[in-house]
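User: I'm new to this one and would like to learn how to read it. Could you walk me through it, feature by feature?

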Amino acid sequence: MRPDHRPALFGRVAWHAVLVVCCLLTTFPVLWALITSFKGPADVFSANPIPSPVTLENYAAVLSGWPVLPLIANTFVMSAGVALGQIVVAVLAAFALVELSPRLRPAILVAATVALVIPPQAIVIPQFLLATRLGWLNSPVGLIVPQLGAAALAVLLLVQHVAEVPRSHVEAARLEGARSGEVLWHVVLPALRPAIAAVGILVFITTWNEYLWPLLIAPRAENATVQIGLAQFQTEGGTDYGALMAAATLTSLPIVLVYLLASRRVTDAFLQSGLRT
Amino acid sequence: MTARLRAWPYLAPLLILLGVWVYGPAVFTVVLSFLDWNLTTPPVGVVGLDNYAALWRHPEFAQSLVQTVLYALVLLPFSTVVPLALATLLWSRPGRAAEIYRAILFLPVILAPVAVAVAWRFLLNPLQGLVNEMLGALGMPPGNWLGDPATALVVIVVITAAKVVAFNMLLYGATLASIDRRVVEAARVEGATALDVARSIVLPHVARPTVVLALLSLVLAGQWTFTNISVLTQGGPDGATDNVFYRIYTLGFTFFEIGEASAAAVVLLAGFIVVALAWGLVRRVSRAT
């Protein structure tokens, strides 16, 4: 190797080294939890990173002794419901703000932005009182509808995409006598598909991970979400760490799968949400 | 029918949801803060500013306020300098490897905070946890990480920091992507070092997003810690990890002191309004210059 290549090689090795260390630092606890979930009771606490022997007994214990599948089902219903509901509300509003009444746009976008900035803890008491008064305690409706109030973010994201739909397409449909609903359905909606997918993924993941609202509105075990179930499992069965780690792994699995399959799309969706703020 | 009238049916769902579940509750929080209401009984009556006075009498609230600021200050470098350094590192060598590192580093944003907190609790187990085992192997004394006020706060900060770094790394990455690489190459050809490039090309580019992210983190830092506090310490030991966000929850849903909790929420809202006004001012000034 020629001497002038050495700094470049050193730089490359240092670059990889720093990033590998950073990756380990931020993901180590989760990695260790994953490893531990395959360890038997004898070596749960051992510092050996390779389970000996590799066992699935923790998973068997969790699946038989803990309602993990109902919890996942509850969480799926909530996350899908919130994602779908927010998309419908946001598409309608974004369409109205771009195509029907652009003059309302600044005022309503400000109202949406302010709604996003209000900390959930500051308004959660009246939300809870209202939801319980409506009889929504421990129900899917109670989990879903109040979280639709967060559709403001979806609106902010979708307004830009509706604005990018070519005017000529909309005008052409109008000239052919299409009503607003038809323009939305046949012209705007097809163009929005990628944006809707991105918003859907973003809302689904953040709702899956939501903690405060499900904790308050669905405390009963049959109606709880995975986050609440896991937190309870931790305080009740705290000593069986192998099973606890298996439970943590199982409840994170659906989200991690989505991320593995579409990591670029997921990061792009989060990116857009961050750039708005 | 005019276009504007036709817009309302499309806007109605959003406006109703915002009114019923965001703005209505915000107003109602203020109303509740003037009532004496323990959730177990009907509201007793209007008590004026008594709830605010009660907050002031209880040192826990002042402590939670101080610690909200403390969290924000401690998390500040993790929302600015650290993610900027990481994003610059990734940006300096684009390619498949950088993509993979980026995807891994972003994981803390995706992973459920409860699962992450549970994993941490296991590592920090005072009797047999891996952290204490490692310290023991190095001949150092074990720590009671979540039981000791000083270390408990550090634990909450560290867990939260991983998430903040991950998210802001992504935002900085997008900002850096807009830098023209030909400018960088030209500078390198002229003999500029990596540090020169960072100082005279990257830094001017990221100055404005850094101000925004810093402000945002000051506002949101307390909120990001909520789940970690709830799962790991419940604000303890001795209120060492408490902040306003968790205090509101404790007052409202552990003690059922609706009036006092609402008064705390109003204090928090007032703080947000002040920051929002300051933000508006900063934006106006930065636009004018």
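Analyst: We'll go from the overall build of a chain to the packing of its helices. Keep in mind that this is a predicted model.

User: Let's begin with the fold. How many helices and strands does chain A have?

Analyst: Chain A has 13 helices and zero strands, so its pattern along the sequence reads α-α-α-α-α-α-α-α-α-α-α-α-α. Its radius of gyration is 24 Å, well over the 19 Å that the globule rule gives for 277 residues, so chain A is more spread out than a compact globule. Along the principal axes, its C-alpha atoms fill a box of roughly 75 × 70 × 35 Å.

User: Which residues of chain A does UniProt place in the feature "transmembrane region"?

Analyst: Here you read a record first and then look at the model. The unreviewed UniProt entry places that feature at residues 12-35, 71-95, 107-129, 141-163, 183-205 and 241-262 of chain A. Take residues 183-205 of chain A: they are 100% helix and 0% strand, with end C-alpha atoms 30 Å apart. Residues 241-262 of chain A are 95% helix and 0% strand, and their end C-alpha atoms lie 31 Å apart.

User: And which residues of chain B are listed for "transmembrane region"?

Analyst: For chain B, UniProt (again an unreviewed entry) lists residues 12-35, 69-91, 103-123, 150-172, 206-226 and 261-282. In the model, residues 69-91 of chain B are 96% helix and 0% strand, and the end C-alpha atoms are 32 Å apart. Residues 261-282 of chain B are 100% helix and 0% strand, with end C-alpha atoms 32 Å apart.

User: How many residues does the contact take from chain A and from chain B?

Analyst: With an interface, count the residues, then see where they come from and what class they are. The contact takes 66 residues from chain A and 69 residues from chain B. On the side of chain A that touches chain B, the largest share, twelve residues, comes from helix α1 (residues 6-36) of chain A. By class, that side of chain A has 49 nonpolar, 17 polar and no charged residues.

User: How do I read two helices packed together?

Analyst: Two packed helices are described by the angle between their axes and the distance between the axes. One pair spans the two chains: α11 (residues 226-236) of chain A and α7 (residues 113-123) of chain B pack at about 20°, with axes 9 Å apart. These two helices are therefore roughly parallel, and their crossing is left-handed. A:Q227, A:L230, A:A231 and A:Q234 meet B:V114, B:A115, B:V118 and B:R121.

User: What is the angle between α2 and α12 of chain A?

Analyst: The axes of α2 (residues 57-65) and α12 (residues 241-261) of chain A cross at roughly 75° and come within 8 Å. That makes α2(A) roughly perpendicular to α12(A). Among the residues in contact are A:Y59 and A:V62 of α2(A), and A:M245 and A:L250 of α12(A). The classes are eight nonpolar, two polar and no charged.

User: Which way do α4(B) and α9(B) cross, left-handed or right-handed?

Analyst: The crossing of α4(B) and α9(B) is right-handed. Their axes come within 8 Å and cross at roughly 50°, so the two helices are oblique to each other. The contact includes B:W91 of α4(B) and B:Y172 of α9(B), and its residues divide into eleven nonpolar, three polar and no charged.

Methods. Residues numbered from 1 in each chain as written. Chains lettered and ligands numbered in written order. Predicted model: local features only at pLDDT ≥ 70, side-chain atom pairs only at ≥ 80, totals over all residues. Axes fitted to C-alpha atoms, helices over the stretch in contact; angles between N-to-C directions. Helix = DSSP H or I, 4+ residues; strand = E, 2+ residues; numbered from the N terminus. Parallel < 35°, antiparallel > 145°, perpendicular 65-115°, else oblique. Left-handed = near helix turned anticlockwise from the far one by under 90°. Contact = placed C-beta atoms within 7 Å. UniProt positions renumbered as here; feature names shortened; annotations may be inferred. Nonpolar A, V, L, I, M, F, W, Y, C, P; charged D, E, K, R; others polar. Rg over C-alpha atoms; globule rule 2.2 N^0.38 Å.
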